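Welcome to this short tour. Open your viewer, keep the sequence panel beside it, and select each stop as we reach it.

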Amino acid sequence: NADSFGLEIITLNVIGNEIDLKRAYQGHDFVFGLSQGYLVAIPFHRVALMETASLPDFRDISLLQLLALQRKPVELEVQIDGSIRRSWLLNVVGNWLRISSRQGVEWVTTTALVMAKVRPVDN
């Protein structure tokens, strides 16, 4: 029914954690939508399972393009040597993400990325 269009919640299993997404879409190499007030983007290779009646609509954008377009703080979860670290996206250069973490400024590829969260900013 048209009233519920886009309101279906899909559930993703990402490294053993369940994440519910509203208004979900898929890009070339990732799935994205709203979760707990954030825009959340997750690379396909991190999604073990997607519970949904039908696949989310397709958008002609890659994860790197989406991240490069953001003008708000983007919190990243990256997996390095099996452990997940939180960091902040500084910018996108080619296929590399320049991040700020407790270890300082580092460079990672999207293969290390588990999840990106675009935080709402109150002005």
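This is a predicted model: local features need pLDDT of at least 70, side-chain atom pairs count only at pLDDT 80 or more; totals for chains, interfaces and linings use all residues.

**Stop 1: the whole chain**

Show the surface to begin: the chain exposes about 7,500 Å², and carbon and sulfur atoms supply 50% of it. Such areas come from the Shrake-Rupley method with a 1.4 Å probe, and for residues only the protein chains shown count as cover.

Residues are numbered from 1 along each chain as its sequence is written, and side-chain values use heavy atoms, with hydrogens and water left out.

**Stop 2: strand β4**

Select residues 38–43, which form strand β4. Five of its six residues are buried, so β4 is largely enclosed by the rest of the structure. Buried means under 20% relative accessible area, exposed over 50%, and partly exposed in between (1.4 Å probe, protein chains only).

Two strands pair if DSSP finds at least two bridges between them. Look for Leu34 opposite Leu39 in β4. The two strands form a hairpin with two residues between them, and Gln36 in the turn has a positive phi of about 50 degrees.

Which strand pairs with β4 over three bridges? Select residues 113–118: this is β11, also antiparallel to β4, with Ala116 opposite Ala41.

**Stop 3: Gln26**

Go to Gln26 in strand β2 (residues 17–26). Is Gln26 buried or exposed? With a relative accessible area of 19%, Gln26 is buried. Follow its side chain to the backbone oxygen of Pro56, 2.9 Å away.

**Stop 4: the nonpolar cores**

Finally, select Phe30, Ala41, Leu67, Val74, Leu76, Leu97 and Leu113, the residues with the most contacts inside the largest nonpolar core, which has 19 residues. A nonpolar core is a set of buried Ala, Val, Leu, Ile, Met, Phe, Trp, Tyr and Cys residues joined through side-chain atoms within 4.5 Å. Helix α1 gives the most to this core, with four residues. A second, separate core of 12 residues includes Leu12, Ala24, Val40 and Met115.

Note on methods:
A polar contact is a pair of N or O atoms within 3.5 Å; within protein, one must be able to donate a hydrogen and the other to accept it, and residues adjacent in sequence count only if both atoms are side-chain atoms.
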